[in-house]
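Please walk me through this structure, one feature at a time.

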Amino acid sequence: FGLLFSISAISGLASVLLGGTLIDRWGPVRIIRIGLLGVGGAMLILALCGARYWLFVMAMIVFGVFIAPLSLAITAYLARLFPRPQRRVISLNLASSSLGGMLFPLVGEGLLALSKQSPYFTFARVLHLPFILVGSLLLAASLLYRTRMPSHAPRLDVPSTLPPWHWRQFQ
């Protein structure tokens with residue numbers, strides 16, 4: 001079970017290397033929008049994959065590809081949005097990002113207890129509920145993020161003025 005979830009870390013490692021370049025090129029807001037859609041879609045695929053192991057693995061790979069640049073883009077967005085208390089804001093962001101890793105085992109334990117009490121709610125059925133909930137929330141958030149930004153909010157979707165990143169700069 002742990003190996004299945006570590007697949008997303010491996011694919012995330014590959015995509016995080018491109019994440020900074022994409023944020024510099026397109027700006028953090030666009031990467032956040034794309035990342036929310038990708039992670040939300042992967043969560044819904046995880047929720048609906050049933051016993052199809054290959055689909056679960058593919059969804060975990062897609063999840064990793066989108067979650068790593070999304071984390072970088074959120075940090076870049078917060079750093080631009082709050083330039084003065086930057087350390088505190090980024091520290092709170094990093095601490096809150098580990099909240100899911102702390103809550104997931106508690107939710108899993110609760111779902112396991114629910115599956116033991118009811119013959120209808122087997123563990124295979126209730127395991128998909130958190131993925132349905134999180135995937136739906138992320139897709140809704142990506143739509144709200146796109147349409148409900150206040151007009152007085154600073155424009156942070158402007159790409160940076162840094163030149164494109166090349167390996168030759170470090171040689």
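This is a predicted model: local features need pLDDT of at least 70, side-chain atom pairs count only at pLDDT 80 or more; totals for chains, interfaces and linings use all residues.

Q: How many helices and strands does the protein have?
A: Helices (H or I, at least four residues) and strands (E, at least two) are DSSP runs, numbered from the N terminus. Here there are 7 helices and 0 strands. The order from the N terminus is α-α-α-α-α-α-α.

Q: Among contacts between residues at least 6 apart in sequence, what percentage join residues at least 24 apart?
A: A contact means heavy atoms within 4.5 Å. In this protein the share is 75%.

Q: Is Ser115 buried or exposed?
A: Buried means under 20% relative accessible area, exposed over 50%, and partly exposed in between (1.4 Å probe, protein chains only). Ser115 sits in helix α5. Ser115 counts as buried because its relative accessibility is 15%. Of the 171 residues of the protein, 32% count as buried.

Q: Which residues does Ser115 touch, leaving out those up to four places away in sequence?
A: They are Phe121, Thr122, Phe123 and Val126. The C-alpha atoms of Ser115 and Arg125 are 8.5 Å apart, with the two residues 10 apart along the chain.

Q: Why does Leu106 count as exposed?
A: Leu106 counts as exposed because its relative accessibility is 55%. Leu106 also belongs to helix α5, residues 99-117.

Q: Which residues make the nonpolar surface patch of about 460 Å²?
A: Patches take residues with over 30% relative accessible area and no salt bridge; like charges are joined within 9 Å, nonpolar side chains (Val, Leu, Ile, Met, Phe, Trp, Tyr) within 5 Å. A salt bridge is a side-chain nitrogen of Lys or Arg within 4 Å of a carboxyl oxygen of Asp or Glu. Accessible areas come from the Shrake-Rupley method with a 1.4 Å probe; for residues, only the protein chains shown count as cover. This patch consists of Leu99, Met102, Leu103, Leu106 and Val107.

Q: Which helix gives the most to the lining of the largest pocket?
A: On a 1 Å grid over the protein atoms alone, a pocket is an open set of points where a 1.4 Å probe fits, with protein on both sides within 12 Å along at least five of seven lines; lining residues have an atom within 4 Å of a point. α3 gives the most, with 8 residues. The lining has 29 residues, and Phe63, Ile67, Ser97, Gly100 and Gly101 lie nearest the centre.

Terms used. Residues are numbered from 1 along each chain as its sequence is written. Side-chain values use heavy atoms; hydrogens and water are left out.
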